[in-house]
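Please open the structure in your viewer, and we will walk through it one selection at a time.

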Amino acid sequence: MMATDNRTRTLAGEIFEEDVDLSLADLCRLFRLPAEHVMELVEEGIAEPSGNDPAQLRFRRISVKRVRCALHLQRDLGVNTAGAALAVELLEELERLRARLQRLDG
Amino acid sequence: MEYKDYYAVMGVAKDAGQDEIKRAYRKLARKYHPDVSSEPDAEDRFKEVGEAYEVLKDPEKRAAYDQLGANWKAGQDFKAPPDWDGGFEFKGGDFTGGDAEHFSDFFESLFGQREFHGGYSGRSTRGFNARGEDAFAKVVIDLEDVFTGAKKAVTLTHREIDADGRPVTKDRTLNVRIPKGIRQGQHIRLAKQGNPGLGDGESGDLLLEVQFKPHPRYRAEGKNIFLDLPVAPWEAALGATVEVPTPGGSVDLKIPAGSSGGQKLRLKGRGIPAASPGDLYAVLQIALPKADSDAVRDAYRALEKAAQLEPSKQTGGG
């Protein structure tokens, strides 16, 4: 099913987050979501694009991780968008604290 | 294949009510959700719990599963009896779908196949082209890999439909060059290595989320790296130049006189490489010499007299 045999050659990866910002359409395509659903995530602050007009919105690629996490929580745990936003923020805080704890523990 | 005890997975009794099963599922799903949990085997446990719930939440599937008999033990070699599900009707059964593709062979031997047969007719649509979906996976790498741009073999598991229309699990291994300077939580994009497109549509991309293996010496935080550096008391007090290991090679670090434990010394640009690279912070740890000889004990006593320090009296008071 996969078109090419990759065993023999090395694939050069690029850093996804360092590429140009994403448009609303890009984000919809990435997650197979209708624009309304993405805008719902924007309203809750899960993704924070720059620009006002929907056609001009630009999303930093770092928001991809937050959006994916929020969508998984919605799908798997049945939380609503506001709940997912809260969970994403708490998880980020937890990650920061864990890193700090690890640093202090040595 | 191995028999799975779905009741044990969910931690409920065999006569548990549907409400109890739902509560157990919700609780376990929160505990093992891969985006939430810090348990090392969270992802596997989460899939296992999802699979168990898929069967136990549905009275039809649960009844069919129950009539396999109570004598099976988890892990026991299992083969579905012929016509085992005679008289049960799952068609159109409500699959949550979420991660159904990750269910075990055990599940599929019981409930899986007809669903897959049914759902796989899209291919014959003529003249319809669509780009394939982007796929996500996680990859665990060594911190050093991002300094050298190392090659890494990444094995991914996916499901395919074979010629007979059966779902099969296949592994594929990709040799990936780790992009220099990538950080924890960022994604490596491999163009066109995602799911195949429909018709002439090209494949989607594969996005690998990077996670660093815990390192005995270094800790990465964003683009900065932290390292505990043990030094002798006189090195901290009087100043010294010491050799410090960094992922990019050893460097000499000047410790200023009057340094104390816990103090951070910055090595600019020695963190994760980038156009504006991160910094490396050496966190000083004072290593006390053991008083295991007369000479050292005498030296401590001499220091006691000379320094006149009673730190316990300086605590409190603010």
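How many bridges join β1(B) to β5(B), and do these strands run parallel or antiparallel? Select both strands to find out: seven bridges join β1(B) to β5(B), and the two run parallel. Strands here are DSSP runs (E, at least two residues), as helices are (H or I, at least four residues), numbered from the N terminus, and two strands pair if DSSP finds at least two bridges between them. For one example, click B:Phe136, whose bridge partner in β5(B) is B:Leu207.

Before going on, a word on what you are viewing: this is a predicted model, in which local features need pLDDT of at least 70 and side-chain atom pairs count only at pLDDT 80 or more, while totals for chains, interfaces and linings use all residues. Residues are numbered from 1 along each chain as its sequence is written, chains are lettered from A and ligands numbered from 1 in the order in which they are written, and side-chain values use heavy atoms, with hydrogens and water left out.

**Stop 1**

Four strands form an open sheet with mixed pairing, in the order β2(A)-β4(B)-β5(B)-β1(B). β2 of chain A and β1 (135–141) of chain B stand at the edges with a single partner strand each, so one side of each is left without a neighbour in the sheet.

Zoom in where the chains meet. Strand β2 of chain A (residues 14–15) pairs with β4(B) in the antiparallel sense over two bridges. Here A:Ile15 has B:Ile188 as its bridge partner in β4(B).

**Stop 2: charged pairs between the chains**

Stay here and show the side chains of B:Arg189 and A:Glu14. They form a salt bridge, with the closest N and O atoms 3.0 Å apart; the term means a side-chain nitrogen of Lys or Arg within 4 Å of a carboxyl oxygen of Asp or Glu. B:Arg189 lies in strand β4 of chain B and A:Glu14 in strand β2 of chain A, so the pair joins two chains.

Next, select B:Glu209 and A:Arg68, whose side chains meet in a salt bridge at 3.1 Å, N to O.

**Stop 3: the whole interface**

Colour the contact residues (heavy atoms within 4.5 Å). Chain B supplies 47 residues and chain A 35 residues. Together the chains bury about 3800 Å², 54% of it on carbon and sulfur atoms; buried area is the accessible area (1.4 Å probe) that two parts lose on being put together, summed over both.

**Stop 4: a hairpin in chain B**

Move to β6(B) and β7(B), which pair in the antiparallel sense over four bridges. B:Arg219 has B:Phe226 as its bridge partner in β7(B). The two strands form a hairpin with two residues between them, and B:Gly222 in the turn has a positive phi of about 60°.

**Last stop: confidence**

The mean for chain B is 82, and 82% of its residues reach 70 or more. Among the elements of chain B, helix α7 (residues 233–238) has the highest mean pLDDT (96) and helix α5 (residues 105–119) the lowest (56). Look also at residues 91–98 of chain B, where pLDDT stays under 50. The model scores ipTM 0.73 and pTM 0.68.

Conventions: pLDDT = per-residue confidence, 0-100.
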